[in-house]
Amino acid sequence: MKGGRKNLKRAVEEESLTLKDGHSIMQVLSLRGSNLIEIMDGQGEKSLALFPAKFQKSMWIKRGSFVVVDASGKEKVLESGSKVGCIVSQVLFYEQVRVLKKSPEWPEIFKSTVSDGCNASLQGDTSQQEENELDSSDDDGLPPLEANTNRMKPVDWKSDTESNSGTDTDS
């Protein structure tokens, strides 16, 4: 394994994170393919970012994940005509997001979003959920199951044997 990947995994294990100049926290909106992701910054602006190849087989992101993006030269790049304005420098995991949400570096727009259960539920919310669970029926709000049309219905052997046993004329 190359030294780059070792250092990458060590950096991920650190819970404390300090943002450098030009770095900002952004949320992944969609994966565009070919190492491109659509992200939203703290002001609600959407843009494209490059997910470097060094992250390819060691880190995975999905819609709603948070990443640290180097957007230092974003204006220059967008003026030159390129659509990709940022480069992902780090993927934030659950513990890092939890610590950052308590810090002033966390953007206000992301405080209201729920991502991968990162927001801790309050005691009042859990008590309301428990009351709702007690009031709801066993189906938990799910639609009824439909019959599987791919299988043949089994033959009802009991009904045939009962009707035959009642009309025994052989003995």
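Me: Is E38 buried or exposed?
Reply: E38 is buried, at a relative accessible area of 15%. Buried means under 20%, exposed means over 50%, and partly exposed is in between (1.4 Å probe, protein chains only).

Me: What does E38 form a salt bridge with?
Reply: With R32, and their closest N and O atoms are 3.0 Å apart. A salt bridge here is a side-chain nitrogen of Lys or Arg within 4 Å of a carboxyl oxygen of Asp or Glu. R32 itself is partly exposed, at 49%.

Me: How many salt bridges does the whole structure have?
Reply: Three. One of them joins the side chains of E95 and R98, at 3.3 Å from N to O.

Me: Where do E95 and R98 sit?
Reply: In helix α3 (residues 94–101), three residues apart, so about one helical turn separates them. Helices are DSSP runs (H or I, at least four residues) and strands are too (E, at least two), numbered from the N terminus.

Me: And which side chain meets E108?
Reply: K111, also at 3.3 Å, N to O. E108 counts as exposed at 60%, while K111 is partly exposed at 39%.

Me: OK, new topic: what kind of model is this?
Reply: A predicted one, where local features need pLDDT of at least 70 and side-chain atom pairs need 80 or more, though totals for chains, interfaces and linings use all residues. Residues are numbered from 1 along each chain as its sequence is written, and side-chain values use heavy atoms, leaving out hydrogens and water.

Me: What's the mean pLDDT?
Reply: 75, with 65% of residues reaching 70 or more. pLDDT is the predictor's confidence in each residue, from 0 to 100.
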